[in-house]
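Hi,

Here is the structure I promised to pass on. Have a look at it first, and my notes follow below.

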Amino acid sequence: MVMRRFYAAATMTTSAWSSQLARRVRITDLLVLVWVVFGTQIAWVGLDYSTPGFSGSRADVTVSYTVVSFVIVIAWMLALELYDTRSPRVLGVGSQEYRAVADSALRLFGLVAIAAFLLKIDIGRGYVLISFPLGVVVLIFSRWMWRQWLGVQRRNGEYSSRVLLVGSRDSVMVIARELERTPEAGYRIAGACVPGHGEDHLPGTMIPAEYGLDHALAVMRDFGADTMVITSSDELGPERVRELSWGLIPGAEHLVVAPSLIDIGGPRIHTRPVAGLPLMHIETPKFEGRKLVAKRVFDLIVSFALIVVLSPALAFVAIVVKATSPGPIFFRQWRIGKDERPFNMLKFRSMADGSDSQLRELIAAQGTDSTPLFKVANDPRITPIGRFIRKYSLDELPQLFNVFGGSMSLVGPRPQVAAEVELYDRGAHRRLLVQPGMTGLWQVSGRSSLSWEESVRLDLYYVENWSITGDFAILWRTFRAVLAPGSETG
């Protein structure tokens, strides 16, 4: 127990690091806004230019653009504070931070427009229409830079809440696995408190364990934790949970209740207090309606644009493939798409002609023929030029024609062959509820290095929570992965 107390003293508490991080982000926000707003003013109207304003004669009262810029910067900083964009709950996690930054700017833009109209301040349209969008873009880029830094720190165990997991052994194990999978979320497990008796660590983990839930608060402090995460347990009824919350030190210790749900996206979750009960409403995923129409329109426009822009590259790869190995330019293969409809998927041929017939033998030799992910490590069938175009995902470019034709989407679960689909369990079959994609969440989260179980989990998360905004994020991560290629895509 002595070592645990030393560990608690040697690491910053959640309150300390969150205040420090918020202070640093606040400084960079201010620098960004000063640079954008005053920079736009200087570029558009100059430094000392004044504008007519207020009621009455316009010759009587003028307002300096410098004053206007100063007011906008201060108001923008207040808006970022009011919209909770620097809270430890949102910094570095999910898209909520970016949405809050954009929302605060949009509301402030509306207030500036109303104020300018009521006070008859003749602000230049270009000054406003440049400074606000540019400010949002640079602020989001600044937050993205902070996110990269914070992710590195959290993977090293810093800038994270130290967590004690409290609940039944099974529920604690589930939450522990999910939290350890994503250290960037900012929760570092200090220990677990579970009912019953057992060993010093949770089975199969290095997580220290204490037994008996009656002294959970004392255990939390002994482990040096400052956040208690209640998973679930029959021994922790509503009254007991409320007593635990009363025992926490306000502002220094925190209580989190983890529901018995995983892989649910934030936009589907709505908390609504009813009769003193914090009811959580989970929207069921929808696979029809306006969102699908918007996704199809987006696929049509972007795929057509990419086909036109990349036509020289398509022609060049086609010539190289044809010139370097005998056989057709394209590799055509029947894959299973949405609602189990088969379609003919196109790729530039990267293997020796006819080598597809060797797949069964190769996967059987490496012992993966019972897993629905027919990947061959160090595949001997790939040609030298095929290895190059796979490295940079150039072999996937013909699938833009599949996207344009409607059998695929730019983003979605990776389409698989019928033999793989036959091995699907009930959960994996939900991959077929949406259009398959050229790229997807699991491709940008590890590509070929992920196991089948991890790939299915990521694909199901996409299926359950997909959005146009999420598609943009995946496409951006795909672009980065192509520029810095690692393992091959499937």
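Let me start with Thr85, which sits in the loop between H3 and H4 (helices here are DSSP runs of H or I with at least four residues, strands are E runs of at least two, and both are numbered from the N terminus). Thr85 has a relative accessible area of 0%, so it is buried; buried means under 20%, exposed over 50%, and partly exposed in between, with a 1.4 Å probe and protein chains only. Apart from neighbours within four places in sequence, Thr85 is in contact (heavy atoms within 4.5 Å) with Leu80, Val90, Leu91, Glu97, Ala100, Val101 and Arg143.

Before going on, the ground rules. This is a predicted model, where local features need pLDDT of at least 70 and side-chain atom pairs count only at pLDDT 80 or more, while totals for chains, interfaces and linings use all residues. Residues are numbered from 1 along each chain as its sequence is written, and side-chain values use heavy atoms, with hydrogens and water left out.

Overall, the chain has 16 helices and 13 strands, and 42% of its 490 residues count as buried. The accessible surface is about 26,100 Å², 64% of it belonging to carbon and sulfur atoms (Shrake-Rupley method, 1.4 Å probe; for residues, only the protein chains shown count as cover).

Now the charges. A salt bridge here is a side-chain nitrogen of Lys or Arg within 4 Å of a carboxyl oxygen of Asp or Glu, and by that rule there are 19. Arg86 pairs with Asp29 at 2.9 Å, N to O, which ties the loop between H3 and H4 to helix H2, 57 residues apart. Arg86 counts as buried because its relative accessibility is 5%, and Asp29 is buried at 0%. Asp29 also forms a salt bridge with Arg143, with the closest N and O atoms 2.8 Å apart; that pair links helix H2 to helix H5 across 114 residues. Another one is Glu178 with Arg457, at 2.4 Å between the closest N and O atoms, joining helix H6 (residues 169-181) to helix H15 (residues 452-465), 279 residues apart. Through shared partners, Arg26, Asp29, Glu81, Arg86, Glu97, Arg143 and Arg147 end up in one network.

On to the nonpolar side. A nonpolar core is a set of buried Ala, Val, Leu, Ile, Met, Phe, Trp, Tyr and Cys residues joined through side-chain atoms within 4.5 Å. The largest one has 24 residues, and those with the most contacts inside it include Leu33, Ile72 and Trp76. Helix H2 (14-44), H3, H4 and H5 each supply at least two residues of this core, with the largest share, 7 residues, coming from H3. A second, separate core of 19 residues includes Ile307, Val411, Leu441 and Tyr462.

Finally, there is a nonpolar patch on the surface with about 740 Å² of accessible area together, and Val297 and Phe404 are among its members. Patch residues have over 30% relative accessible area and no salt bridge; like charges are joined within 9 Å, nonpolar side chains (Val, Leu, Ile, Met, Phe, Trp, Tyr) within 5 Å. Helix H9 (residues 290-309) gives the most to it, with 7 residues. Val297, in helix H9, is partly exposed at 41% relative accessible area.

Cheers
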